[in-house]
Amino acid sequence: MAEIQTLMEMGFPKEKAEKALAVTNYKGVEPAMEWLLAHAEEMDAGTGHTVGGAAASAEITIPTPSTATETVPASSSETTSTADAEVEAKSFKCEDCGKLFKNQDEMEFHAAKTNHSNFSESTEEKKPLTEEEKKAQLALLEDRMKQKRKEREEREKAEALERERLRIKSGKDLQEAKLRLQEQEMQKLVEQRRREKMEDQKARDRVRAQIEADKQARKLAASGQTAPAPVPAPPQVISTPGSKVAYDQARIQLRLPDGQSLTQTFGAKEQLAAVRVFLQMNKPEYSEEDHFKFMTTFPKKIFTSDDYEKPLDLLGLVPSAVIIVSKGQN
């Protein structure tokens, strides 16, 4: 478990780390560490450490001077002294750095941490920590715990600030898009009114010209003169199939999942994002961009996030198009 490894890195034996996690219902490293710090003296006094595994039963043989000699047959050229004394291994020793370890777990942890590989059993017992050393170790562990808690709090604070920054930026972008759309709507309205005034003026001029022409025709008819031939109208330009007509507007109809529809005219060079903002302004339930997507049926096309930055004429939505609004991820 990662929690056991973390506690072992802080200097706690594996069995103590396992017990602390079990007592604290495996709620994490910090509760286990606090329990270990609170019960450090109790655990040192109440639990003894023995070398575990196969190493616990390992024995070494040391020759002693008080041995009895044994005579071997005359054909043998050697005489040996075979009295052995069994001595229990009390610790493990690292031959690379000389450190002692109480059990195999500590030895394996040291090997993994330092890449040392030369170990041997030792009859030398690892001395227990003095009160001053215990206090120093506890103080060091408390400092480590405070540092980790501080790093976690700083990380959470930075993540919260980043989320708030993204929220504010998203709100500003949406507000700016709405303002741009409102300005474009105002410009369209002003331009439409200007065209209507020009058309009305042209219509009045045509009526006046017709009235004046009728007066002249009646005067000439009364005087017996012939009316001049009317001026022919300029030839009408008819587009052939090979010619390409340029449109500067796009009439977009949005069909919603509930059967309703919204229709609006946009500039041919406006981005698809303007259509999205128009939908969000008129239907607040679509304010979350990831909750709907745009698509066309003939030809079938599902617009991606990159398409929102493209103009309507490039997407084939000019001079008019029907866009289906569907629920789901964008």
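These legends describe close-up views of one predicted protein model.

The model is predicted: local features need pLDDT of at least 70, side-chain atom pairs count only at pLDDT 80 or more, and totals for chains, interfaces and linings use all residues. Residues are numbered from 1 along each chain as its sequence is written, and side-chain values use heavy atoms, with hydrogens and water left out.

**Figure 1. Overview of the fold.** The protein has seven helices and 10 strands. Helices (H or I, at least four residues) and strands (E, at least two) are DSSP runs, numbered from the N terminus. Of its 330 residues, 23% count as buried. Buried means under 20% relative accessible area, exposed means over 50%, and partly exposed lies in between (1.4 Å probe, protein chains only). Among contacts with a separation of 6 or more, 59% join residues 24 or more positions apart. Contact means heavy atoms within 4.5 Å.

**Figure 2. Helix α6 crosses helix α7.** The axes of α6 (residues 131-223) and α7 (residues 272-282) come within 10 Å and cross at roughly 95 degrees. That makes α6 roughly perpendicular to α7. Axes are lines fitted to C-alpha atoms, for helices over the stretch in contact, and angles run from 0 to 180 degrees between N-to-C directions. Angles under 35 degrees count as roughly parallel, over 145 as roughly antiparallel, 65 to 115 as roughly perpendicular and the rest as oblique. On α6, the residues in contact are L174, A177, K178, L181 and Q182. They meet A274, V277, F278, Q280 and M281 of α7. The residues of this contact divide into seven nonpolar, two polar and one charged. Here Ala, Val, Leu, Ile, Met, Phe, Trp, Tyr, Cys and Pro count as nonpolar, Asp, Glu, Lys and Arg as charged, and the others, Gly among them, as polar.

Figure 3. Nine of the 11 residues of α7 are buried, so the helix is mostly covered. They are L272, A273, A274, V275, R276, V277, F278, L279 and Q280.

**Figure 4. The largest nonpolar core.** In soluble globular proteins, nonpolar side chains tend to be buried together. A nonpolar core is a set of buried Ala, Val, Leu, Ile, Met, Phe, Trp, Tyr and Cys residues joined through side-chain atoms within 4.5 Å. The largest one holds 26 residues. Those touching the most other members are I252, L254, L272, V275, L279, F294 and L317. Two or more residues come from each of α6, β6, β7, α7, β8 and β10. The largest share, seven residues, comes from α7. Not counting residues up to four places away in sequence, F294 touches L254, L272, V275, R276, L279, K301, I302, F303, Y308, I323, I324 and V325. A second, separate core of 17 residues includes A17, A32, W35 and F109.

**Figure 5. T296 in strand β8.** T296 lies in strand β8. At 9% relative accessibility, T296 counts as buried. Its contacts, not counting residues up to four places away in sequence, are K301, F303, L317, V322 and I323.

Figure 6. Most residues other than glycine have a negative phi, and most peptide bonds are trans. The bond from V318 to P319 is cis, with omega near 5 degrees. P319 lies in the loop between β9 (300-302) and β10. Y26 has a positive phi, near 55 degrees, and is found in the loop between α2 (14-23) and α3 (29-38). Y26 is exposed, at 52% relative accessibility. N115 has a positive phi of about 65 degrees. N115 lies in the loop between α5 (104-114) and β5 (119-122), and is exposed at 66%.

Figure 7. An unreviewed UniProt entry lists residues 92-121 as "domain: C2H2-type". UniProt positions are given in the numbering used here, feature names are shortened, and annotations may be inferred rather than shown by experiment. The end C-alpha atoms of this span lie 5 Å apart. The span is 37% helix and 27% strand. N103 sits in the loop between β4 (100-101) and α5 and is buried, with a relative accessible area of 5%. N103 and S91 are 12 residues apart in sequence and 6.5 Å apart in space, C-alpha to C-alpha.

Figure 8. K269 is found in the loop between β7 and α7. K269 is exposed, with a relative accessible area of 67%. Not counting residues up to four places away in sequence, K269 touches P311 and D313. K269 and P311 are 42 residues apart in sequence and 4.9 Å apart in space, C-alpha to C-alpha.
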